[in-house]
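Here are my notes for you to read with the model open. Take them one point at a time and find each residue as you go.

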Amino acid sequence: MTKETKTLILLHSAVFLAGWTGIFGRLITLGGLPLVWYRMMVSVATLGLVLAIARRLHRLSWKAFLLIAGCGGVLSLHWVAFYASIQASNVSVGVACIATSCFFTTLLDPLINRKRLSWAEVLISFIAIAGVLLIFSLDVRYRLGIALGLLSAALYSLFSLLNINVARVTGEDSATMLLYELIGGVILLSALVPFLPAADIVPARGDILWLVLLGSVFTIIPFLFQLIAFRTLSAFTVNLAYNLEPVYSIAFAALLFGEYREVGFSFWLGIALIIVSVLIQTRRVMPGKRIE
């Protein structure tokens, strides 16, 4: 089994686990910002403890810390917009918007990394975008959720590209990168939380278990796998694979919340196009299948 194949398996395992994160947006009663704040604090405590036990916990130089923590700040804003999108619409609409991340990556990558535009990636992006446009034919009630979802996708694309460059510059391993990115996110959100009403910050008793699960199992494992994938695959490939996240989330939401009653034929046709775009890009990055 080649390195690329192993990495793709890890990547798609991460996407499957990430498909559950949208469900927590319905289960947890907190708003987007406090939800992500608690999620990241749980993740920092869990991952920090694991690294300490494994004796892999170490301090960074100030330059490396600022670079990695800055990526974490972008990540935290992505998550805030993501959960706000779900709460303003539903799980299906919120996660479907993430499919536009490949489009934003196609636009941002040449600007950030000064590389030539890949027309193959542009064409694949438009297949995914066509699917998203079909999904957007939903009721106008979801306009706010869609707008927040698009913002979330753009921030995720920016995080992906910055993360690759910062990992290359700092040379830190994936677990260390994730820990200090989470710390950066906690610092940023801690500066914003005081502006919220006190009543909006306190979690309900039923939220605590979901926050612990979300911040540990469903954050650390998929994100470690994802950061490993970034070291072998392009940001476009990783982001496009994450277009399958809405497929998993929608399936879980249909089973748990009956959301299939809220969407129609155009929604499912859009999901089919998103899956096609992922399959095409997966074939492109398999050994011996690369095309430009």
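Below are a few numbered points on helix packing, a charged pair, a surface patch and a loop residue.

1. Before anything else, keep in mind that this is a predicted model.

2. Start with how helices pack. Two packed helices are described by the angle between their axes and the distance between the axes. Look at helix 3 (residues 32-53) and helix 9 (174-192): their axes cross at roughly 145° and come within 9 Å,. This crossing is left-handed. On the helix 3 side, the residues making the contact include Leu33, Trp37, Met41 and Leu51. Helix 9 answers with, among them, Ala175, Leu179, Ile183 and Leu192.

3. Now try a second pair, helix 1 (residues 3-18) and helix 13 (residues 245-257). Here the axes are 8 Å apart and the angle is about 35°. The crossing of helix 1 and helix 13 is right-handed. Val15, Phe16 and Ala18 of helix 1 make the contact with Glu245, Tyr248, Ser249 and Phe252 of helix 13.

4. Next, charges. Side chains of opposite charge can pair when their charged atoms come close. How many salt bridges does the structure hold? There is one, and it joins the side chains of Asp173 and Arg56, at 3.1 Å from N to O. Asp173 sits in the loop between helix 8 (143-170) and helix 9, while Arg56 is in the loop between helix 3 and helix 4 (62-88), so the pair ties together parts that are 117 residues apart in sequence. Asp173 has a relative accessible area of 27%, so it counts as partly exposed. Arg56 is partly exposed too, with 42% relative accessibility.

5. Have a look at the surface as well. Leu77, Leu192 and Phe195 make up a nonpolar patch there, and together they have about 300 Å² of accessible area. Phe195 is in the loop between helix 9 and helix 10. Is Phe195 buried or exposed? Its relative accessibility is 71%, so Phe195 counts as exposed.

6. Last, find Ser216, in the loop between helix 10 (207-215) and helix 11 (217-230). Why does Ser216 count as buried? Its relative accessibility is 15%, and the cut-off for buried is under 20%. Setting aside neighbours within four places in sequence, Ser216 is in contact with Val42, Thr46 and Ile221.

Methods: Residues numbered from 1 in each chain as written. Predicted model: local features only at pLDDT ≥ 70, side-chain atom pairs only at ≥ 80, totals over all residues. Heavy atoms only, no water. Helix = DSSP H or I, 4+ residues; strand = E, 2+ residues; numbered from the N terminus. Buried < 20%, exposed > 50% of the residue type's maximum accessible area, 1.4 Å probe, protein only. Contact = heavy atoms within 4.5 Å. Patch = residues over 30% accessible without salt bridge, like charges linked within 9 Å, V, L, I, M, F, W, Y side chains within 5 Å. Areas by Shrake-Rupley, 256 points an atom, 1.4 Å probe, with all protein chains shown as cover. Salt bridge = Lys/Arg side-chain N within 4 Å of Asp/Glu carboxyl O. Axes fitted to C-alpha atoms, helices over the stretch in contact; angles between N-to-C directions. Left-handed = near helix turned anticlockwise from the far one by under 90°.
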